[in-house]
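Please look through the sequence and the model shown here before reading on. The report below takes up the ligand and its surroundings, then some aromatic rings, and finally a few points in the backbone.

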Amino acid sequence: MKEWYDAIHEAQNVEKLEEIRILVFGKKGVLAAEFVKMKNASNEEKAEIAKDLNNHKTTLMNEFTARKIVLQTLELQEAMKAESIDVSLFSSSSQSGALHPVMETMDKIVEYFNSMNFAVKTGKMVEDDFNNFEALNLPKYHPARDMQDTFYFKDEMLLRTHTSPVQIRTMMNSKPPIRMIAPGAVFRRDYDITHTPMFHQVEGLLVDEEGKVSFANLKYILEDFLKYMFGEVEVRFRPSFFPFTEPSAEVDISCVFCKGEGCRVCSKTGWLEVLGCGIVDPNVFEAVKYKNVSGYAFGLGVERFAMLIHQIGDLRSLFEGDIKLLEQFR
Ligand code: PHE
């Protein structure tokens with residue numbers, strides 16, 4: 001019998017213990033077999049053997065029950081350990097993405113002009129000399145070409161230096177009236193805290209019959225637009241020069257940092273320059289063979305808007321893909 005006590009003690013899991021239970025207590029088990037053998041013994045011996053077997057039966061059953069409780073407890077503990085959640089574990093839980101601040105700003109600009117019925121047009125990033133310069137009243141060797149440091153390819157092809165060629169492409173492909181904006185990437189040989197070789201502009205062009213478009217119309221929509229983008233700011237128009245507009249103006253808003261008091265960002269002037277605009281120069285209409293029309297145009301840098309809206313100090317940081325910066329815009 002000793003081997004069965006040992007077997008019960010050594011069983012390592014409930015399943016094994018159950019196998020032993022059947023071998024010991026089952027109908028064809030060890031105890032049953034011992035009781036069968038007893039038949040051949042004498043009556044005195046029978047009583048003795050039966051008493052002995054019944055004792056074993058009881059103790060084996062107690063041993064079995066005790067071992068079963070131990071094994072069940074162990075198995076439960078194992079299972080709980082395996083299923084438990086370790087809250088201190090590092091998790092690579094999914095992170096939600098977000099629009100890049102430049103794209104978010106661009107979307108907001110486009111949203112405004114869409115609401116004013118301006119259609120979105122796209123041109124080409126690799127442009128030819130005609131669309132980028134010539135048709136915009138910038139003939140070859142014109143000194144104003146120096147305003148924009150250009151990346152050139154062979155055969156007079158270049159990376160567009162502004163979105164203004166989309167004005168030309170649109171007018172060449174459709175009849176007036178026109179009411180369009182052109183958001184997109186532009187390229188210049190420039191790199192410092194306020195310039196990167198690639199940045200984004202949004203161009204605007206409105207063309208209608210002669211005498212129908214005035215500087216007052218331009219002034220109204222740009223003021224309204226700038227208040228939509230920056231909230232309650234002062235807006236001022238300063239005479240300027242662009243070859244493709246006449247008259248031309250640069251537009252300033254009161255500094256969003258110091259509210260016009262004068263600070264480092266606005267170079268103590270209280271004003272921030274945010275876009276260029278003007279009345280379309282007759283030479284531009286001539287280049288696209290438009291007759292008896294008038295129009296206005298404007299262009300702005302999206303990164304500059306994003307920097308002013310989000311108070312970002314260095315333009316280059318927008319293109320470094322720094323998660324710590326980008327996470328703030330989620
Ligand atoms: N194309 C000009 C620039 O890149 C901006 C501009 C567009 C000015 C349209 C006037 C009219 O600086």
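## A report on the ligand site and the backbone

Strand β7, which runs over residues 245-254, is the place where proline 247 lies. The peptide bond that leads from glutamate 246 to this proline 247 is cis, with omega near 0 degrees. It should be kept in mind throughout that this is a predicted model.

A cis bond is also found from proline 176 to proline 177, again with omega near 0 degrees. Proline 177, however, has its place in the loop between α7 (165-173) and β4 (178-187).

We now turn to the ligand. The space that the ligand takes up is the largest pocket. There are 15 residues around the ligand, and of these His162, Ser164, Arg188, Gln201 and Gly299 come nearest. Strands β5 (198-209), β8 (271-280) and β9 (293-301) each supply at least two residues of the shell, and the largest share, three residues, comes from β9.

| Residue | Ligand atom | Distance |
|---|---|---|
| Histidine 162 | nitrogen | 3.0 Å |
| Arginine 188 | oxygen | 2.9 Å |
| Glutamine 201 | oxygen | 3.0 Å |

How much of the ligand's accessible area does the protein cover? On its own the ligand has 320 Å² of accessible area, and the protein covers 91% of it.

The next topic is the aromatic rings, for which the count comes to 13 aromatic pairs. One of these is formed by phenylalanine 225 and phenylalanine 305, whose rings are 5.9 Å apart from centre to centre, with 25 degrees between their planes. The pair counts as stacked because planes under 30 degrees apart are classed in this way. Phenylalanine 225 belongs to helix α8 (residues 215-230) and phenylalanine 305 to helix α10 (residues 302-310), so the pair ties together parts that are 80 residues apart in sequence.

Finally, we return to the backbone and to the angle phi. Asparagine 137, although it is not a glycine, has a positive phi of about 65 degrees, and this asparagine 137 is found in the loop between α6 (129-132) and β3 (157-159). Lysine 259 is a residue other than glycine with a positive phi, near 55 degrees, and lysine 259 lies in the loop between β7 and β8.

Key. Residues numbered from 1 in each chain as written. Predicted model: local features only at pLDDT ≥ 70, side-chain atom pairs only at ≥ 80, totals over all residues. Heavy atoms only, no water. Near = heavy atom within 4 Å. Polar contact = N/O pair within 3.5 Å; in protein donor to acceptor, adjacent residues only side chain to side chain. Areas by Shrake-Rupley, 256 points an atom, 1.4 Å probe, with all protein chains shown as cover. 1 Å grid on protein atoms, 1.4 Å probe; cavity = no way out; pocket = protein on both sides within 12 Å on 5 of 7 lines; lining within 4 Å. Sits in = over half its atoms within 2 Å of the grid points. Helix = DSSP H or I, 4+ residues; strand = E, 2+ residues; numbered from the N terminus. Phe/Tyr/Trp six-rings, centres within 6.5 Å; stacked < 30°, edge-to-face > 60°.
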